[in-house]
Amino acid sequence: ASFTIALRTVDNVTVMIKLRPGVSVGCQIHVKNFFRSELKIKPGDNVTFTFTCSTPEKYFIMEIQKNVDCVSGPCPFGDVHLYPPGLPRLNRTFIWDVKASTKAGLELRFSTPWLRQIEPGETCPDFVSYNINSCIDKATVNIGTFCRNGSVSRVKLLGGVIMSLHLPWNSPLTTSGFNIANRASIKRLCIIESILKGESSITLMSPNYPLGFPEDELMTWQFVIPSSMRASVFFHNYSLSNCERKEERVEYYIPGSLSNPEVFKLSDSQPANIPGSFNLSLQGCDQDAQNPGILRLLFQVVVQHPQVDENVTHLLDLSKELNMTVTIHFEGWPRRIPVMSEPICLICKDPRTCDRVLTLVSGAVYKISFLCKDLSRLRITAEKGISCVDLRWCQGKIYHLLVPKAITQLPIQLHKFIWKLLAPELINIEITSPSLKLQQHVPEQRCNTSYSYSIVGATPETELNVGVFCPGGSIEKIQMRNNVTISLKTFGKGFLNESKHQDLKMSFVPHIKDECSFTVSPDPKAKVYLQNPNWPYGLPPYVSISWYVVVPNKQVARLGFSKDRMGIACETGRAYVNIKEETAGAEETVCREDEPLPKPRNMYHDFWVNVSNCKPVDKTQLTLQFQVTLADKQIDLGVILAVVAGAGVLAAIGLTVCCVKKKKKKSQNPMVGVYNANVNTQVPGKQGLFTKGRKNNESHVYAVIDDAMVYGHLLKESNGSVSPEVDVYRPFDGPIGSLPPSPPPLSFRKDIKRSSNTEEPPPLTDTDHDTYTFAHQKSGQSEDIGDTSEKNNGDTSTSLLENKEQDGLVE
């Protein structure tokens with residue numbers, strides 16, 4: 001098809017057809033037996049041309065520019081038409097370059113459905129867009145890019161204007177959609193009018209966004225809103241320039257206000273709940289010539305109906321709280337940014353100070369109101385700090401970790417309450433739950449309560465995520481080193497009722513040995529599952545964790561591990577699992593990372609489980625889980641018979657003593673049965689079985705007293721009384737320590753390089769890969785046995801250091 005374009009000189013219109021950027025020459029323009037890739041048609045020309053392809057819109061674009069002089073001649077006010085007609089179906093850009101004096105500003109009026117401003121790089125749904133530039137002398141300012149279907153009805157400009165309309169090749173639009181009107185000078189860069197009739201949300205940007213608002217300029221947005229509606233302003237993105245004189249600010253003119261104009265900084269919370277129409281102005285400053293900076297602003301205006309409960313206030317009394325902040329926010333904050341078109345929920349601390357997020361500090365009383373149709377979309381997050389500087393002042397003081405009633409009484413769901421517990425070096429933190437106790441959230445035993453506690457400890461090197469806990473378990477106490485963060489998180493609406501029974505408490509205690517220690521009192525009716533912190537990512541290197549499990553007198557605890565081995569390989573050091581009952585003479589079971597974990601076993605007394613990590617190889621991590629089940633002790637018939645037999649023996653001893661006393665009155669001669677120390681009373685057997693001697697073994701401990709034993713040597717007269725000296729077992733009735741078992745000496749850590757000038761220790765025996773058991777010697781006993789692991793009363797760090805020095809391992 002051929003096209004003819006005839007341009008009148010009086011119209012001052014130029015048409016330019018050229019190749020689309022980035023497209024190779026696959027089509028040409030045929031004009032008077034010539035083939036061209038570009039065609040320029042000037043005012044007064046009459047040109048007929050064709051394309052050498054059937055789809056020229058893929059290769060060519062068209063620009064139609066009309067120059068309008070409103071300075072030296074009359075200005076063509078009224079509707080702007082798309083001229084000339086009969087253009088080929090190409091992507092078209094109509095440009096109107098209007099020259100005007102700064103003393104007579106221009107006004108662009110847009111026909112419905114008006115315009116909507118978009119950010120640079122954004123495209124319009126129908127690909128029809130308007131671009132407005134203001135021309136003052138030789139300077140050009142980009143007012144903005146707009147799509148159809150919006151609220152911007154008018155734009156007033158100081159000086160000339162360059163107006164561009166971009167149409168796709170298949171657009172059915174036949175009118176420009178705006179007209180030009182002349183008005184008096186507006187004495188500012190521009191005025192943008194926006195008409196909002198119902199509930200809606202619009203986004204607007206300052207000129208030249210995001211490159212920067214012109215220096216020391218002033219512009220205004222006029223918002224036309226029904227008096228029955230309410231408007232709120234939110235600044236979402238802004239930056240400030242470096243001012244030498246004046247100050248950058250925004251000013252509001254609100255009809256009926258007693259302080260017009262109301263001046264705000266860009267960093268302030270902007271006015272909300274504005275009744276009806278208002279104006280917003282942006283004022284720049286004189287910038288630093290060397291470092292001007294950038295002033296820019298992107299903001300949102302939300303219009304909604306008055307809320308039914310906007311005059312209903314809720315009292316939030318934080319006057320008696322210390323170091324607390326309360327934030328009321330929308331659901332998903334701060335990770336999720338709400339879409340600007342979403343219905344908005346506003347929180348107000350006074351009728352005009354409202355925002356989507358409101359943060360309040362302790363020490364004051366607030367009257368809160370809500371501009372929100374659905375309060376279920378709002379949440380509360382609170383944070384409280386508790387610190388200890390001097391242990392003498394805060395030791396023994398118990399802090400109740402409770403959510404204040406002032407927060408739970410608000411009609412907003414509590415999302416999270418955070419306690420930040422700060423303790424300096426050598427002061428540790430103890431967390432208790434005396435009545436409810438705590439249950440650890442594990443895959444085999446999940447929490448199903450309306451709230452839970454997440455406990456995280458901050459070591460100097462890394463965070464130690466202790467785990468998630470909920471009320472109604474077996475953990476009575478958790479002791480931790482360094483600072484601790486406890487986060488209470490709610491699930492559902494049941495927290496309002498369950499929160500009345502909170503009993504979590506915290507206190508500051510002296511230094512503890514392990515990074516974390518648990519005290520567990522298992523439920524007799526349920527299996528207790530316990531797992532190490534940082535699950536499932538594994539313990540940090542060189543961290544030690546302990547569990548102290550309380551076993552009732554008439555019950556026995558069944559201890560079992562969920563897997564056979566620790567599942568790690570150590571790069572440096574060794575990883576250990578220590579198990580020891582808290583009773584006199586109890587053996588300690590120690591397993592290394594390359595050895596199997598203990599099989600399920602019965603524990604008849606309170607016991608410790610200690611885990612000490614090494615530096616693992618590659619990505620292997622130490623994860624350990626075990627379970628404890630309580631059961632009633634079974635009565636052994638053999639024990640009953642032994643007790644009866646023992647009673648008979650004691651009765652016989654008593655009868656003998658009576659007889660001896662009577663005979664002593666008749667004769668003072670020595671008895672035939674007097675104990676002779678020189679007589680060997682041991683049963684003949686293999687020599688060398690107990691090489692340490694009687695005092696160092698337990699050959700003198702009798703499980704059952706033989707009835708056939710001669711008791712005459714038990715008698716010894718002392719002031720007319722009998723004092724038996726038989727060396728029988730007597731149960732330990734002294735105080736039991738509360739420290740966890742010490743890890744094994746470093747002599748077992750074969751892989752650590754020893755010093756070259758240190759004598760090599762003797763090689764380990766064939767049992768090196770078996771489970772080791774150590775019977776700790778009693779205090780006051782001879783130290784010739786060679787076990788020094790208990791010299792420091794269970795202090796692991798001291799014991800390890802001594803062994804390192806002995807083995808030459810201290811670097």
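**Disulfides and cores in a predicted model**

C354 counts as buried, at 3% relative accessibility; buried here means under 20% relative accessible area, with exposed set at over 50% and partly exposed in between (1.4 Å probe, protein chains only). Its partner is C348, joined to C354 by a disulfide with an S to S distance of 2.0 Å, a disulfide being a pair of cysteine sulfur atoms within 2.5 Å. C348 is buried too, with a relative accessible area of 1%. The torsion about the S-S bond of C348 and C354 comes out at about 105 degrees, so this link is right-handed.

A word on the ground rules: this is a predicted model, in which local features need pLDDT of at least 70, side-chain atom pairs count only at pLDDT 80 or more, and totals for chains, interfaces and linings use all residues. Residues are numbered from 1 along each chain as its sequence is written, and side-chain values use heavy atoms, with hydrogens and water left out.

The structure holds nine disulfides. In one of them, C27 and C53 have their sulfur atoms 2.0 Å apart, and the -90 degrees about the S-S bond makes this link left-handed. C27 sits in the loop between β2 (13-19) and β3 (29-31), while C53 sits in the loop between β6 (46-51) and β7 (60-69), so the pair ties together parts 26 residues apart in sequence. Strands here are DSSP runs (E, at least two residues), as are helices (H or I, at least four), numbered from the N terminus. C27 is buried, at 1% relative accessible area.

C570 and C614 are also joined by a disulfide, S to S 2.0 Å. The torsion about their S-S bond is about -80 degrees, so the disulfide is left-handed. This pair links distant parts of the chain, 44 residues apart: C570 is in strand β48 (residues 570-572) and C614 in the loop between β52 (607-612) and β53 (615-616). C570 is buried at 14% relative accessibility, and C614 is buried at 0%.

Zooming out, the protein chain has five helices and 57 strands. Of its 811 residues, 44% count as buried. The largest nonpolar core has 83 residues, and W419 is among those with the most contacts inside it. Such a core is a set of buried Ala, Val, Leu, Ile, Met, Phe, Trp, Tyr and Cys residues joined through side-chain atoms within 4.5 Å. Apart from it lies another core, of 81 residues, including I41 and C70. Residues touched by W419 include K384, Y453 and I486, not counting residues up to four places away in sequence; contact means heavy atoms within 4.5 Å.
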